[in-house]
Amino acid sequence: METEQANAPASTRDVTAGAEGISIDDTDSTWVDIEKLQEFAINMTDIKKLKEHGFHTIQSLFMWTKKQLLATKGISEAKMEKILEAAAKCVNILSFRSGTEVMQDKQRMIKITTGAKELDKLLGGGIETMQITEAHGEFRTGKSQLAHTLAVTAQLPLESNGGNGKVCFIDTENTFR
């Protein structure tokens, strides 16, 4: 069992929909500490240099351009290539996914109702889970109302076209009163 976990991707989440609702096996370690690079032959001195430059997770390395990464003092281009290779192996990022894997993910996806039958019909049954959906438009066209409605319907049971899930609504513009 331990070797299976060691070879598993750093972030996995199994969602199973059944008669009793949704079961989530959440072995999600989304943020992998940069010190894990030691297991991939990256020495601690280089890891300390990366930390001093503000990189504390492996994923943070993929959020910058190579030019920005090379601004880290004491890390050469060849060393950075080796670090990025090790980081990609560590978090299983940028890897090929077969069509079967994509299809299995699509089968686990649920559609959450928007609360408006006609809009659900336009969207092919509702808002898809495991996707990013963007709503944009003019002021006062219902974007916030849609977001608030989805925050409620995402918590509804599957039988009610909900997601049987949990919601965290973050209002960055201080408009939720």
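Buried here means under 20% relative accessible area, exposed over 50%, and partly exposed in between, with a 1.4 Å probe and protein chains only. The model is predicted: local features need pLDDT of at least 70, side-chain atom pairs count only at pLDDT 80 or more, and totals for chains, interfaces and linings use all residues. Residues are numbered from 1 along each chain as its sequence is written, and side-chain values use heavy atoms, with hydrogens and water left out.

**View 1. A nonpolar surface patch includes M63.** W31, M63 and W64 make this patch of about 400 Å². M63 lies in the loop between α2 and α3. Its relative accessible area is 54%, so M63 is exposed. Patch residues have over 30% relative accessible area and no salt bridge; like charges are joined within 9 Å, and nonpolar side chains (Val, Leu, Ile, Met, Phe, Trp, Tyr) within 5 Å. A salt bridge is a side-chain nitrogen of Lys or Arg within 4 Å of a carboxyl oxygen of Asp or Glu. Areas come from the Shrake-Rupley method with a 1.4 Å probe; for residues, only the protein chains shown count as cover.

**View 2. Helix α4 spans residues 77-91.** Helices (H or I, at least four residues) and strands (E, at least two) are DSSP runs, numbered from the N terminus. The 15 residues of α4 reach 21 Å from first C-alpha to last, close to the 21 Å expected at 1.5 Å a residue. The expected span is 1.5 Å times one less than the number of residues. Buried residues of α4 are M80, I83, L84, A86, A87, A88, C90 and V91. They pack against α2 (44-52) and α3 (66-69).

**View 3. The largest nonpolar core has 18 residues.** Such a core is a set of buried Ala, Val, Leu, Ile, Met, Phe, Trp, Tyr and Cys residues joined through side-chain atoms within 4.5 Å. I34, L37, L50, I58, L61, M80 and I83 have the most contacts inside it. The elements giving two or more residues are α2 and α4. Helix α4 supplies the largest share, seven residues. Leaving aside neighbours within four places in sequence, L50 is in contact (heavy atoms within 4.5 Å) with I34, L37, F55, L61, T72, M80 and I83.

**View 4. R140 has a positive phi.** The angle is near 65°, in a residue other than glycine. R140 sits in the loop between β4 (127-128) and α7 (143-153). At 75% relative accessibility, R140 is exposed.

**View 5. N164 has a positive phi.** The value is near 50°, again in a residue other than glycine. N164 falls in the segment after α7. Its relative accessibility is 32%, so N164 counts as partly exposed.
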